[in-house]
Amino acid sequence: MRADLVIKLGGSAITQKDTPYSPNLAVIDRIADEFSSSWRAGRVLLVHGGGSFGHRAAIKYVDGGSKLFSPRGIAETRHAMHRLTSILAESFLEKGVPFFAIDPSACFFYEEADSKPSLGYSLRPVELALSAGLLPSLGGDVVLSSQGHGRILSGDTIARILALASSARLLAFGTDVDGYLEGGKHLGKIGRGELKEIIAAAKGRSNDVTGGMAGKLSEVGEYLSSGGERALIFNATRPGIVARLLRGEEVEGTYID
Ligand SMILES: Nc1ncnc2c1ncn2[C@@H]1O[C@H](COP(=O)(O)OP(=O)(O)OP(=O)(O)O)[C@@H](O)[C@H]1O
Ligand SMILES: [Mg+2]
């Protein structure tokens, strides 16, 4: 599978994270517009976060880490993500973009012997969607484990896996901030050698079940050390950036390579 760009639309941008189950419709519609003008089939993979949908449902049921033991909790979290996914789908389809939702819980799973979970997956459906001229889209999700429980699989992790599997040129994380902030200003660039120290500083400021900014930077670290080329944290609430990314242009944000 080959793609140029993996874009993750963060829940911080496409929802109001502090208000349960509230999409940020103005941002979603504008991003859908930008896809409509600048997207070309076959080269882009889309991922979205949980925001005030997935995180809100999951937080009631997670065991303190990322496991969910209650069947009802697993099903509710799944459904909360479906709701957000359909809001996105409606907006993109209205603008003529063939948004094609793929359930991560149907292509990812955890095989667990003792306490070590190993993530298994088949990305063939994603590959086939790309070749069919669709815009494949996967949301953060709860996926099932061989031990009979559920586990949160963050959109950030899915984005990292898709970017590696498709040898993407860029793994771009859209959030509600202009990049990685230090003293109120965003850094234009972080070298991979500096990441460890920055992650340690960002830890403890997480406001969600997948580690917030520190979790995201850890995914970036894993991505780069597994052969990934370049990552970006950008502000998806600012008009025009998604369109420019889709056209392969440089944008404002924090590039990490
Ligand atoms: N040093 C930092 N620089 C930038 N943002 C930071 C920093 N430390 C903490 N943050 C917080 O991280 C948030 C982005 O991470 P968060 O996980 O909340 O968003 P997201 O990944 O877009 O949402 P979701 O997980 O729902 O997809 C920002 O809104 C900001 O409040
Ligand atoms: Mg997050």
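A residue is taken to surround a ligand here if its C-beta atom, placed from the backbone, lies within 6 Å of that ligand. The model on display is predicted.

**First stop: ligand 1**

Select ligand 1 and display its shell, which comprises 22 residues. Gly10, Gly11, Ser12, Gly49 and Leu181 are the closest of these. Next, colour the shell by residue class: twelve of its members are polar, six are nonpolar and four are charged. Three helices may then be highlighted, namely H1 (11-14), H3 (51-59) and H9 (212-225), each of which supplies at least two residues of the shell.

**Second stop: helices H2 and H4**

Select residues 25-38, which form helix H2, together with residues 71-94, which form helix H4. Their axes come within 8 Å and cross at roughly 45 degrees. Because of this angle, H2 is oblique to H4. The crossing of H2 past H4 is right-handed. To view the contact itself, show Ile28, Asp29, Ala32 and Phe35 on the H2 side, and Ile87, Leu88, Ser91 and Phe92 on the H4 side. Six residues in this contact are nonpolar, one is polar and one is charged.

Proceed to residues 155-165, helix H7. Of its eleven residues, nine are buried, so the helix is largely enclosed by the rest of the structure. Finally, select Ser167, which follows H7 and has a positive phi, near 50 degrees.

Key:
Residues are numbered from 1 along each chain as its sequence is written. Chains are lettered from A and ligands numbered from 1 in the order in which they are written. This is a predicted model: local features need pLDDT of at least 70, side-chain atom pairs count only at pLDDT 80 or more; totals for chains, interfaces and linings use all residues. Helices (H or I, at least four residues) and strands (E, at least two) are DSSP runs, numbered from the N terminus. Ala, Val, Leu, Ile, Met, Phe, Trp, Tyr, Cys and Pro count as nonpolar, Asp, Glu, Lys and Arg as charged, and the others, Gly among them, as polar. Axes are lines fitted to C-alpha atoms, for helices over the stretch in contact, and angles run from 0 to 180 degrees between N-to-C directions. Angles under 35 degrees count as roughly parallel, over 145 as roughly antiparallel, 65 to 115 as roughly perpendicular and the rest as oblique. A crossing is left-handed if the near helix is turned anticlockwise from the far one by less than a right angle, and right-handed if clockwise. Two residues are in contact if their C-beta atoms, placed from the backbone, lie within 7 Å. A residue is buried if 20 or more other C-beta atoms lie within 10 Å of its own, exposed if 12 or fewer, and partly exposed in between; C-beta atoms are placed from the backbone.
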